[in-house]
Amino acid sequence: MASSYLSMGEAHRRVTDFLNRFSDAVSSQDAKSLCLIFSISSNPSFLLSLSDALITFQDASRVIRQADRYSQYADILLPLFRALQSYRLTNLVESYQAFEKAANAFTQEFRNWESAWALEALYVIAYETRILAERADRELSSNGKTPEKLKGAGSFLMKVFGVLAGKGSKRVGALYVTCQLFKIYFKLGTVHLCKSVTRSIETARIFDFEEFPLRDKVTYMYYTGRLEVYNENFSAADHKLSYALNHCNPWKERNIRMILKYLIPVKLSIGILPKTSLLEKYNLTEYNNIVLAFRRGDLRLLRHALQEHEDQFLRSGVYLVLEKLELQVYQRLLKKIYIIQKQKDQNKAHQIKLDLIVRALKWLEIDMDVDEVECIMSILIYKNLVKGYFAHKSKVVVLSKQDPFPRLTGKVIN
Amino acid sequence: EEREKRERLRDLAVFERLYGNPRQSSPNLAVKKFCRTISVKTLQDSDVRPLSVLEDTLNYLCNLLDSTEHSFEVVHDFIFDRMRSIRQDLSMQNISCSRVVSMYERMVKFHIISQHKLRRCSGSNISSLSYLNMEQLMKALATLYNLYEANRTSESIFENEAEFFSFYVLLHLDSKTQGTGETLSLWFRHVPSHIMKSIEMYFARKILRYFKLGFYKNFIHTTESEASYLQYCIIEPSINEVRALAISCVNYGGYKPQPFPLLALSKLLMMKECDVESFCNDSGLQTSVDEEGNNFLPTKQTTLIHPKGGLHKYYPLESERFERNCEFYMMTYVECLTYGEGVLLVDFKSDLLRTRYGSIMWNYDLRK
């Protein structure tokens, strides 16, 4: 990681070049240039060469104070230089700390500027804050210390959110910052903190959801959709994740896959199955057997599929949703039995002996007694998955002659 | 110092009174009270108790748990407050070693058993005591999980860790009573893998599945056959809910010309037959009798109501396993609370226990 040899003169030149670039960008309201200036983590070559210069030069503060056009931004520039230097030397914790100071100072300046010209640059700042904090935390963990920088980044971005949450053209930026916050909270597992942000976005009168950029709306719906999945509000989850899917850029296959990963379990719980081709296209093969089990009414396959991918499903948080599909698989199994009986004797088909169901389950390697089967039948009837009744004395379940297996689409089982 | 102040103010709990005198206590009896507001500036070293003193205090408190002199509410109230004070002293000193793990395990056990016993008390303040007890249970449990994490090394194994994790699942069966806790889906994400694969967690997850799917027979019978005493204490309030669901299902889907026999219901729901009848009546349903005197539940009744919360009287689980062992569970748990030994999950060898307790009593009698 040794920087190549630089002469002092060259180093000085690079520093002043950068300072000019910065002040030109601000005075001409050139957001694009500012974006590049703050993009530390993407390692653009001009920043790398600047970092080398800073390490060689060691006295950047003097240069900054030399001219008014730089010194007024000293609060931003000095910590930014420190951040660049530390980053180059892979002191990620120090880099983050310095960057947060620079970001804070920039946000204050941003607040004072009348128009929202620098919004794109603020986006970069928000993004970099998160990324640098993540890297800092990784460094802390690997040194056996408690990682707390990402948490701090969350607090800082809440402040940035506050700056944007006002009347005026700056407010369209609030959703981008919100999405950065979501990513932080999801990573940290402090998902309950999302509530306060979503409340601001959804209830504050200054925000009109339609005004936000589409890209941010898709991301927002994706994360809030996931929250609805965790809270088992399936119709809300369906609405939000479907929105995200429908408005997502069709070329962004990775994003589509992420949305589908959560949408598929939700759709399954309202009885809508994805096509195999969809699963193949987006490499969601962990759902193959589940969908198959669903189609066939094969309980054994469902349980096997859940077990096989248990770790994966637990990590993404959809395991409990998938477990609940068991009821619908029972419904389909019963339907299969009914169809088979119908082929033998049309008139008696709607009467199914509980013993027969016990035997069918045994064939699927599931051990249940008659009482347990009766319990399941009564629940299926109670939840309107099956129309009919059960007779305890005769040990039989009698299906309604009309539409005994109502379609679920649209209604959520609860 | 605190003791003198409280003696003056007559702020002594029943257990702290010397010979019942509300104005006098002694160093042995007085236990430090929980203080809501503590100013760190005026705090002195002598105000905070060191770990070994706290451990002795905890032992003393646990011994009081089976005291029969006073009603359980009074016992609970005292222990509740003084344990909270212990936790306060622990957190002020930032102690988090494995001895603290053991202390927290015992305190969580106290809260669980309290919740169970409070349900059997009557009184106007029981519901608020219950609520506060549940609040502290959750807090102590959360701290315990952090302590496990902090003390996790490659060699250390906490014997009871899996069971304590299973409590979280059982405490969150009903997603509506989440409060500010994490939903289970999120919580599972950061449970260590070896805990997820433990017997205790598999049991809890099975119970969760039965609850969510509404499989009332499996829920009740699996609880009866596999739950440990503490797990049962936590599951208890859900049992009534599940029974109510069962009655609703039978009433809704049962064939009208074939009323459902109460005997069958009683086996299904693990209740005495007369209790089933009362339960049906509580739910607004009538029962019928045939010529031979057998009782039935006619189905398709339209008067079914869903009494909210505590309106449904709780009928204990008709279980040989629990009946046989209930007293011994209680006594052994108090012993475990007192001496901090590991809690047994499987059935006790009740004959051995009877012999042991019998000989202890005989010995005590001799020494008297």
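Biologist: How many residues sit between β2(A) and β3(A) in the hairpin?

Modeller: There are 4 residues between β2(A) and β3(A), and in that turn Lys395(A) has a positive phi of about 55°. Strands here are DSSP E runs of at least two residues, helices are H or I runs of at least four, and both are numbered from the N terminus. Bear in mind that this is a predicted model, where local features need pLDDT of at least 70, side-chain atom pairs need 80 or more, and totals for chains, interfaces and linings use all residues. Residues are numbered from 1 along each chain as written, chains are lettered from A in the order written, and side-chain values use heavy atoms, leaving out hydrogens and water.

Biologist: In which sense do β2(A) and β3(A) pair?

Modeller: Antiparallel, over 4 bridges; two strands count as paired if DSSP finds at least two bridges between them. Tyr389(A), for one, has Val398(A) as its bridge partner in β3(A).

Biologist: And what does β1(A) do with β3(A)?

Modeller: β1(A), residues 351–353, pairs with β3(A) in the antiparallel sense too, over 3 bridges. There, Ile352(A) is partnered with Val397(A).

Biologist: Are the residues on the two faces of β3(A) buried or exposed?

Modeller: Buried on both: Val396(A) and Val398(A) on one side, Val397(A) and Leu399(A) on the other. Buried is under 20% relative accessible area with a 1.4 Å probe, counting protein chains only; over 50% is exposed, and in between is partly exposed.

Biologist: Switching to chain B, what's the strand order in its sheet?

Modeller: β1-β3-β2, an open sheet of 3 strands with antiparallel pairing. β1 and β2 of chain B are the edge strands, each pairing on one side only. β2(B) and β3(B) share 2 bridges, and Ser288(B) stands opposite Phe296(B).

Biologist: Now the interface. How many residues does each chain bring to the contact?

Modeller: Chain B gives 35 and chain A gives 38, with contact meaning heavy atoms within 4.5 Å. Together they bury about 3,300 Å², 59% of it on carbon and sulfur atoms. That's the accessible area (1.4 Å probe) the two parts lose on being put together, summed over both.

Biologist: How many salt bridges between them?

Modeller: The count is 6, where a side-chain nitrogen of Lys or Arg must lie within 4 Å of a carboxyl oxygen of Asp or Glu. One of them joins Asp311(A) to Lys197(B), with the closest N and O atoms 3.7 Å apart.
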